[in-house]
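Some notes follow on the fold and packing of this chain. Please read them with the coordinates open.

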Amino acid sequence: MTSAPSPPTAKYALLSFPLPHILLVTLNRPRDLNCINSQGHAELAAIWEWMDANPAIRVGVLTGSGKAFCAGADLKEWLTTTTTTTQPQPQAQNTITSNSNPTTPSTGFGGLSRRTGKKPIVLAVNGLCLGGGSEMAVNADVVIASERAYFGFPEVARGVVAWAGALPRLVRTVGRQRALEMVLTGRKVSAWEAQRWGFVNEVVSVDAEGEPERDVVHRALEVAGRIAANSPDAVVVSRAGVNLGWDGAGADEATVRLMEEWMEKLNAGENIKEGLRAFVEKRSPKWVDNY
């Protein structure tokens, strides 16, 4: 990874490259349960944008330091935005603001809750995942959770709303009644229950003396490694096809749009030839990082 361009500077997140082609981002405000403030949102959005533009990275993994994954927004900052009366300032086109919500990127909470992006992001949820943390989980590609993790949308108990994109997405994942139960009661949902609802892909069991942060990150890196071992462009295109359906396109419409946008590019690339050649020659493919 030494030849890759330098990533954005981050104050509230740690960046590492534990495996080839995989970026590990660790939220690093453990005393604040990894709640994210405006600067943290901007940092994460820049990191995901950088990842998408860096051919050497194929998958991102996001986790939290300490006992929490992410407890949501920085409520102290949010309170300041609701009690400070100033003239509205012009905002950049890639931000979303309101008089009742801190500035977030157009890609949503942590640059993830409304992100379309190009490359997949796996969440390693090591502990509490509340509010904006759950908003990120709803729009992540794969969610691996410790059995000690809890998910929830407690915004109604604080007089605020989950503005960052989770509400219309949550109903598609867990169904209307379960979504309403979560957002209207604000109750925490266990990792096992979240898995039954389709909110979580896999729950990692933890022994009494185990380290849940290490265990769940290890498993998330295994999943990310399986993704990274595949053709980079085939992963990007396959993900785009699933997301067309996620965004509401009909099956036939989505298929046609996917083919029109991607088939010629995919067939003109080196990886489709390498993948087929490797199959015939009974060997592992050697992918070209071109996406």
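1. In what order do the six strands of the open sheet lie? In this predicted model, the order is E1-E2-E3-E7-E9-E12, and the pairing is mixed. Strands E1 (13–19) and E12 (202–204) are at the edges; each has a single partner strand, so one side of each lacks a neighbour in the sheet. From one strand to the next, the twist averages 20 degrees.

2. Strand E9 (residues 142–146) and E12 run parallel and are joined by three bridges. Ile144 has Glu202 in E12 as its bridge partner. Helix H1 packs on the sheet, where it touches E1, E2 (22–27), E3 (59–64) and E7 (121–125). The direction of H1 makes about 175 degrees with that of E2.

3. The largest nonpolar core has 45 residues, and Leu123 and Phe151 touch the most other members. Helix H1 (residues 38–53) supplies the largest share of this core, five residues. Beyond its neighbours within four places in sequence, Leu123 contacts Leu62, Phe69, Leu112, Met136, Ala137, Ala140, Val142, Val143 and Ile144. A second, separate core of 18 residues includes Ile22, Val61, Val122 and Ile144.

4. For the chain overall, the secondary structure comes to 10 helices and 12 strands. Of the 291 residues, 45% are buried. Among contacts between residues at least 6 apart in sequence, 66% join residues at least 24 apart. The accessible surface is about 15000 Å², with 54% of it belonging to carbon and sulfur atoms.

How values were computed: Residues are numbered from 1 along each chain as its sequence is written. This is a predicted model: local features need pLDDT of at least 70, side-chain atom pairs count only at pLDDT 80 or more; totals for chains, interfaces and linings use all residues. Side-chain values use heavy atoms; hydrogens and water are left out. A nonpolar core is a set of buried Ala, Val, Leu, Ile, Met, Phe, Trp, Tyr and Cys residues joined through side-chain atoms within 4.5 Å. Buried means under 20% relative accessible area, exposed over 50%, partly exposed in between (1.4 Å probe, protein chains only). Helices (H or I, at least four residues) and strands (E, at least two) are DSSP runs, numbered from the N terminus. Contact means heavy atoms within 4.5 Å. Accessible areas come from the Shrake-Rupley method with a 1.4 Å probe; for residues, only the protein chains shown count as cover. Two strands pair if DSSP finds at least two bridges between them. Axes are lines fitted to C-alpha atoms, for helices over the stretch in contact, and angles run from 0 to 180 degrees between N-to-C directions.
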